[in-house]
Each structure stands twice: as C-alpha cells, then as structure tokens.
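Open the model in your viewer and keep the sequence panel beside it. The stops below each begin with something to select.

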Amino acid sequence: MPSRSKDTSSATVCIGLLALVALVALVSAEVEDATWIHEAAKPQAPREGMRQPEGGERRADIQGHGHQSAMVMIFHPLTRIGLQKGSNLVKEGDARMEVGAGGGVTEDGVGVWEGQPQAVKRHDPKYFEKILDMPDIQKTLDACVAVNGTTGQEPMWNAAGTKGSDFRLVKRTRGPDGEWWSGGVPGDTLNASVIRDYVQKKGFTLVLNHLDFRVDGVANMARSLEKQTGIAVQANLYLTPPASQGFEVHWDPMETIVLQVAGRKLWHIYDPLVALPRPEQRFKPTAAQVNQTARRSVILEAGDTLYIPRGWMHEATTAHSDGQEGEHSMHITVGVDAQTLTTETLAHLAVRQISRASGVG
C-alpha cells in the first residue's frame with residue numbers, strides 16, 4: 001500500500017441517465033482559433049498474433065512512475081522529444097511528439113505553467129485507466145473512509161459540514177441576486193444511498209477530495225509530478241450525471257490539469273479578468289464580467305487532457321449543445337501550485353492577519 005493511499009473496500013455507485021437539457025447560452029465571443037487543441041494520433045490496433053499483457057500486468061507497468069514520467073503521460077504529445085528516455089509510456093522518437101507547441105512541455109512543467117490553455121484529444125478512451133478505473137472508484141466510494149481519521153474507520157466528512165473535507169455535493173443554482181452559484185448539501189456526513197440519490201435523481205456533482213491518498217495509481221502519479229516539478233500537487237475526482245453542471249463560472253488560484261477518465265464533458269474557458277492572480281486576490285466574477293470576455297470551448301472525451309492556467313475562468317457541463325445524447329462524466333483534477341512566495345504576497349498576508357486581529361477585516 002503506498003504511503004499516500006488509504007485502505008478501502010469495494011462498492012458500486014451507478015449513474016442513471018437524466019433528460020438532456022439545453023445549455024444556457026452565453027454572449028461571450030467564441031474564440032475561433034483552435035490551435036490550442038492538439039490532436040494526438042489514434043492508437044494503432046495490435047498486429048495479429050501480438051501478445052497482449054493481462055490487465056494487472058499492464059497497470060503495474062504504467063503505475064511504476066518512480067522510473068517513468070507522469071508529465072509525459074499527461075501532456076503527450078506536447079512533451080519534448082527525449083524527455084521520456086527509459087520510459088515505457090512513450091517510445092523515444094515517436095513522431096507524434098513533434099506536434100508540441102512552442103517547443104513543448106518539459107518534464108518539470110516549463111513550457112506550460114502560466115501560459116495558455118491547452119487541450120489534448122487522444123481518441124483513446126482507456127488512456128487514463130493506467131492510473132484509475134471504475135473498480136478503484138467503487139472501492140473508495142463504498143468504503144467512505146475519512147482521509148484524516150484517527151481510527152481509519154471514520155466516515156467521509158462532508159466539506160459543507162464542520163469536521164472535514166472528504167467530499168462535496170454541488171450543483172449550479174441561480175441565487176436571489178440573479179447570479180449563478182454552486183449550491184451544496186449540508187451535513188457532516190451522508191451515507192452512500194443518500195449520496196447516490198443526490199447524484200442520480202437530483203443532478204448533483206460528487207467531488208471526492210484527496211484522491212491521491214485513496215487510489216494507488218493516482219498516488220503514484222502525484223508523487224511522480226511532485227518529484228519532477230518540485231511542487232506539491234493534489235488530485236480530486238469529479239463525477240457528474242448527464243445534463244448537469246456542478247459549478248458556475250469561476251477561476252482557480254493554481255494551475256489546473258483535467259484528466260478525463262470516463263464519459264464526456266463540455267468545457268468553456270474564458271480569458272482572465274486578472275492576469276495570474278494570487279490566492280489573496282480571490283473574487284467571484286459576475287455574469288456581466290464573464291460575458292465581456294472571449295470564450296473558447298472543447299468537449300473532453302475519455303483519455304483527453306485539458307490544462308487551465310491559474311486565473312482563467314471556466315465552467316463545465318454534461319449538457320452538450322452538439323446534438324449528441326448527454327452522458328455522465330468522470331474526471332480527475334490535478335492542482336499544481338506553481339506560484340512562488342513573493343514579498344508582495346507576504347505583505348498582503350500580513351495586512352490581512354493584522355486586519356483580522358484588529359477586527360477590521
């Protein structure tokens with residue numbers, strides 16, 4: 001058992017199909033330039049007579065991130081030729097690696113952090129089964145064990161409660177001010193059947209935090225990224241039923257990497273209102289502000305990667321406007337805090353602490 005993982009047992013959380021609803025139209029100008037979306041070559045079918053590894057053998061090989069590159073796996077084919085030397089993930093000299101924009105992404109993240117959004121379309125729905133598949137999630141959800149419990153048997157704590165932040169149930173909802181907000185479900189903990197009903201019958205998104213402490217493959221990937229970049233990372237799981245949306249338009253104070261594991265999801269990404277904002281600059285963008293910015297969109301399918309720099313606003317939905325039937329979505333969000341602790345940031349933090357101490361803020 002890896003040091004980042006908790007012992008879990010098995011179960012099933014099923015998502016039934018909901019009626020497809022129309023996506024609410026936004027007036028933001030759509031960016032027509034699609035150079036930020038990179039098409040990887042479709043995986044070739046095995047030649048006749050070629051021996052195929054068993055599932056367990058394949059997973060063990062891919063999960064050996066101590067000797068392989070998680071950065072190459074995540075951003076291929078945008079990674080620079082030669083970075084994967086000695087790796088079983090991608091063979092050196094693979095022609096697909098020459099697609100990289102701006103010289104590509106280096107193994108420590110240079111060439112991607114704080115740049116432009118990037119999407120990789122792989123046409124390989126099993127690509128991320130190398131680090132996570134449904135049995136992993138079934139085991140985690142059935143166990144419902146808190147990450148920071150003292151006995152290893154405490155139930156997962158609801159982030160909307162007072163005791164922890166193991167999971168959240170969220171749904172985009174219109175507030176009394178006319179703005180969109182993320183509505184949650186109260187309570188310190190909820191049993192599996194209640195969580196299932198909120199997802200299946202009420203259209204809530206389940207957010208499972210600390211996935212890198214729960215699933216072996218994700219733990220290995222997180223350790224590899226931390227070793228390569230020198231930066232702490234976190235990994236959360238998002239499970240959304242058909243025709244649903246969990247969060248309103250928002251931005252994150254960290255670099256965000258989305259790994260689409262199953263299903264499909266439509267993402268809208270908006271130009272930032274503040275360039276490379278720091279955490280202490282956090283604010284909620286209004287609909288009027290969002291509608292005045294340019295928007296780019298992409299549908300992620302299983303096996304695809306999306307990178308969103310910090311400060312770029314975004315939203316995601318399983319209610320598609322492309323005429324195809326809606327389906328569930330499961331993705332991992334990897335958060336990478338690539339900021340440096342600047343003198344200006346320390347000054348902001350000091351002012352905030354002084355204000356709180358004096359009762360001003």
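Select Asn236 and show what surrounds it. Leaving out residues up to four places away in sequence, Asn236 touches Leu208, Asn209, His210, Leu211, His331, Ile332 and Thr333; contact here means heavy atoms within 4.5 Å. This is a predicted model, in which local features need pLDDT of at least 70 and side-chain atom pairs count only at pLDDT 80 or more, while totals for chains, interfaces and linings use all residues. Residues are numbered from 1 along each chain as its sequence is written, and side-chain values use heavy atoms, with hydrogens and water left out.

Asn236 is found in strand E6. Helices (H or I, at least four residues) and strands (E, at least two) are DSSP runs, numbered from the N terminus. Is Asn236 buried or exposed? Asn236 is buried, because its relative accessible area is 10% and the cut-offs are under 20% for buried, over 50% for exposed and in between for partly exposed (1.4 Å probe, protein chains only). The side chains of Asn236 and Asn209 are joined by a polar contact of 3.4 Å. A polar contact is a pair of N or O atoms within 3.5 Å; within protein, one must be able to donate a hydrogen and the other to accept it, and residues adjacent in sequence count only if both atoms are side-chain atoms.

His210 sits in the loop between strand E5 (205-208) and helix H5 (216-229). Its phi is positive, about 60 degrees, although His210 is not a glycine. With a relative accessible area of 22%, His210 is partly exposed.

Move along to H5 itself. Of its 14 residues, 10 are buried, including Val218, Met221 and Leu225. These buried residues pack against helix H2 (70-75), E6, E7 and E11. How far apart are the end C-alpha atoms of H5? They are 20 Å apart, which agrees with the 20 Å that 14 residues should span at 1.5 Å a residue; the expected span is 1.5 Å times one less than the number of residues. After H5 comes Gly230, with a positive phi near 75 degrees.

Rolling a probe the size of a water molecule over the atoms shows where empty space is left. On a 1 Å grid over the protein atoms alone, a pocket is an open set of points where a 1.4 Å probe fits, with protein on both sides within 12 Å along at least five of seven lines, and lining residues have an atom within 4 Å of a point. The second largest pocket has a volume of about 590 Å³. Its lining has 32 residues, and Asn236, Tyr238, Phe247, His250 and Asp252 are the closest to its centre. A volume is the space filled by probe spheres set on the points, with grid points joined across faces, edges and corners. Which strand gives the most to this lining? E6 does, with five residues. At least two residues each come from E5, E6, E7, strand E10 (313-317) and strand E11 (329-336).

Select the loop between strand E6 (233-240) and strand E7 (255-270), where Ala243 is found. Ala243 is not a glycine, yet its phi is positive, about 55 degrees. Ala243 is buried, with a relative accessible area of 15%. Glu248 is in the loop between E6 and E7 too, and counts as buried at 11% relative accessibility. A 2.4 Å polar contact joins the side chains of Glu248 and Ser182.

Ile269 counts as buried, at 0% relative accessibility. Among the residues it touches are Trp36, Pro117, Leu306 and Trp312. Ile269 and Arg295 are 26 residues apart in sequence, with their C-alpha atoms 5.5 Å apart in space.

Finally, zoom out to the protein chain. Its secondary structure comes to seven helices and 11 strands, and 49% of its 361 residues count as buried.
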